[in-house]
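User: I have a model open and would like to walk through it with you. Could you start with the terms you'll be using?

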Amino acid sequence: MAINFDAQSRIFHLATAHTSYVIGLNEESQALHLYWGAHLSDPDVWAILAPRQMHASFEVESCIKAFEYPCHGTGDYRTPAARVLNADGNSVTCLTYAGHEIYSGKKPLDGLPAVYCREDSDAETLELRLKDELTGLEVVLNYSVFEEMDVICRSARYENHGDKSLRLLAGAAASVDFFGKDYDFLHLQGAWARERVPERLPVTHGLYSIESRRGASGHQHNPFVALMSKNADEFNGDVYGFSLIYSGSFAATVEGTAYACTRVTIGLNPYSFNWELKPGESFQTPEAAMVYSDKGLNLMSQRYHTLYRTHLCRGKYALAERPILINNWEATYFGFNEEKIVEIARAGKEMGLELFVLDDGWFGKRDTDNCSLGDWVVDKKKLPNGLDHLAKRINELGMKFGLWFEPEMVSPDSDLYRAHPDWCIHVPGRARTQARQQLILDLSRADVCDYIIEAVSSVLRSAPISYVKWDMNRNMTEIGSALLDSEHQGEVEHRYMLGLYRVLETITQSFPDVLFESCSGGGGRFDAGLLYYMPQTWTSDDTDAIERLKIQYSTSMVYPISAIGSHVSAVPNHQTGRTTPMQTRCDVAMSGNFGFELDLSKLSEDDMATAKKAVELCKRIRGTVQQGEFTRLLSPYEGSMTAWQFVRGDAVILCYFKVLNVPAEPLRRIKMKGLDPDAHYRAEDGTVYSGGALMNMGYPADWRMRDFESRVILLEKV
Ligand code: DGJ
């Protein structure tokens, strides 16, 4: 049993294979957090934790209690998980225990992406019901415990059982109080083309907020935070990860308090959230996946990878090997015609590529980015024979055909906008701020969502399209909806996300054979929410191999390799101007979902031969790369060498990359991880190493490597 309740001590023990999470009810029937960390046995929990922690908790004032779901207004002055404006104008909420239910399996979350069970036995769920006796608000805290995967998923459902409307001003997915303040925390910050740079900071007295107010998870902060013991690194120490399964505005806060306590909260961003909850209504928060690791960041990441690959991503591609593609964006930008596309595809076919993806510019009159979004009708000037004809020509070459869309957007210069100027997010009387010369369709409206579903579906029905790249290239401004009254404008952002999720659910379920990839100006919406619908994401618009070492390394902090899209592009690189060898570009891109994004018809013979070999190699190893266990070995943020490895069954792949050569650098050995110390592993050159030697002594890295060079070493357990 993953969840046990001891009626005498009134303690819940949520146990996974290697971790325990403990909640207790005190004499006032408040739900208090007692413990999260390494696995404890039930008797330990009942006998040791109960008296000590409970005693400490109810003897002192509220502001040092470790609340399981803290509220505003009764003496806890830290960040609340719940903040509710009551009908009489105050925002005091007091939640106490009103019952619980434990069952096997996990229910889907109404309208929201969430981790799921393949079999009911995958998880056990605790629904802990808390009630505000005065207002009739009930909050049901959901804890789904995935025993084998060592993960706990949390969310909250607000139910109004009173007779007056309430307003939700904050509704976190999870809040956890840690005893002690001697922690660091890690989050992923960035910008366009420089996404997800890890930043590690000490917990101090005060509040640190990682957030998006953009209506999308964003390039700037990823919806993830990890609290770490001071000694934690990639392989050692305690790490507590919080990953939010949501794609809109979010906040994750880390707060150190006067009484040496650290509170971590993650959920919807309260900044502009204001949701009316009428009597009889309920509101479901997004879900957070929480992972504890006692062996540093790598183990936390591996747990997220397994969870998200196998219990978040859905559909036939979730666990399948991904096709190697050629995308025409950096090859042609908007300047292509049918013959150019077929020329690139033909060169791709010669290299063994499997999928051609036609990017932006195929519709309306889109020769640059100032028009036509919303008009999803093929541009006959560029493609006079239509999409169906082109897709079939590509199919005849022996490749599948994929297509780019940006369905959430509208260009002011479009037939759609001229017909429906009120279909975009806007505030009447105010200028509509444009970004990339476009506006955002108002997906809080059902009619707009239905339009998108039909517009995209009819294109998908019109031609043999096997892949969709779903792009989204700007964030929200002047957030307002023409269909909502003034009382409900604070709901637009979240209603947009619910609309988007309905659109994605409908389209992806209607076209189960299509592989969907999400994208947002590169990796501006790389989050677990979208992985529920689309099992891979375009990682960054920065395709420079050396920059990609960093971006892919830190994206893997939370997200599985099977989610990470990675392409070989031309040199000098379009974003950095850097020139790197074709081999290195291939080796970096092959460490994710491999593809190409350059004019293949212009490749030199040498580069063509190198790329062709890489494609052959990728076909041999992609199962291990995309579905195996990934370990980060040497960080691109720390030294001149970056290294990572993949292991699946008997197959082991070590990749290492020299960023800049250093004179008189000491001989390098790369210590591998997670191998069988007593087994032997044969490299392709015939050398046999013991697992123990590879892990303890390390693999002898090639010391002759030049700047930007790479090596991929294949080993097999013998
Ligand atoms: C942004 C994406 O990240 C690019 O890959 C490309 O699809 C462009 N949009 C097209 O406008």
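Analyst: Contact, or touching, means heavy atoms within 4.5 Å. This is a predicted model, in which local features need pLDDT of at least 70 and side-chain atom pairs count only at pLDDT 80 or more, while totals for chains, interfaces and linings use all residues. Residues are numbered from 1 along each chain as its sequence is written, and side-chain values use heavy atoms, with hydrogens and water left out.

User: Okay, what does leucine 358 touch?

Analyst: Not counting residues up to four places away in sequence, leucine 358 touches Asn328, Phe336, Ile341, Leu383, Leu387, Leu390, Phe401, Gly402, Leu403 and Trp404. Leu358 is also among the residues with the most contacts inside the largest nonpolar core, along with Tyr69, Tyr158, Tyr308, Trp362, Phe594 and Phe596.

User: How many residues are in that largest nonpolar core, and what counts as one?

Analyst: The largest core has 195 residues; a nonpolar core is a set of buried Ala, Val, Leu, Ile, Met, Phe, Trp, Tyr and Cys residues joined through side-chain atoms within 4.5 Å, where buried means under 20% relative accessible area, exposed over 50%, and partly exposed in between (1.4 Å probe, protein chains only). There is also a second, separate core of 22 residues, which includes Leu633, Ala643, Leu675 and Tyr699.

User: Switching to the ligand, which residues come nearest?

Analyst: Of the 13 residues around the ligand, Asp359, Asp360, Lys469, Asp471 and Asp541 come nearest, a residue being near a molecule if one of its heavy atoms lies within 4 Å of it. By class, that shell has 4 nonpolar, 3 polar and 6 charged residues, with Ala, Val, Leu, Ile, Met, Phe, Trp, Tyr, Cys and Pro counted as nonpolar, Asp, Glu, Lys and Arg as charged, and the others, Gly among them, as polar.

User: Which atoms lie 2.8 Å from an oxygen atom of the ligand?

Analyst: One is a polar side-chain atom of arginine 436, which lies 2.8 Å from a ligand oxygen, and another is a backbone N or O atom of glycine 522, also 2.8 Å from an oxygen atom of the ligand. The protein buries 98% of the 300 Å² that the ligand exposes when taken alone, with accessible areas taken from the Shrake-Rupley method with a 1.4 Å probe and, for residues, only the protein chains shown counting as cover.

User: And glutamate 159, is that buried or exposed?

Analyst: Glutamate 159 counts as buried, at 12% relative accessibility, and its place is in strand S9 (residues 151–160); strands (E, at least two residues) and helices (H or I, at least four) are DSSP runs, numbered from the N terminus. Its side chain makes a polar contact of 2.7 Å with that of arginine 129 and one of 2.7 Å with that of histidine 161. A polar contact is a pair of N or O atoms within 3.5 Å; within protein, one must be able to donate a hydrogen and the other to accept it, and residues adjacent in sequence count only if both atoms are side-chain atoms.

User: Where is the cis peptide bond?

Analyst: The cis peptide bond joins valine 571 and proline 572, with omega about -10°, and proline 572 is in the loop between strand S29 (564–569) and helix H11 (582–589). Most residues other than glycine have a negative phi, and most peptide bonds are trans. Alanine 193 has a positive phi of about 65° although it is not a glycine, and lies in the loop between strand S11 (183–191) and S12.
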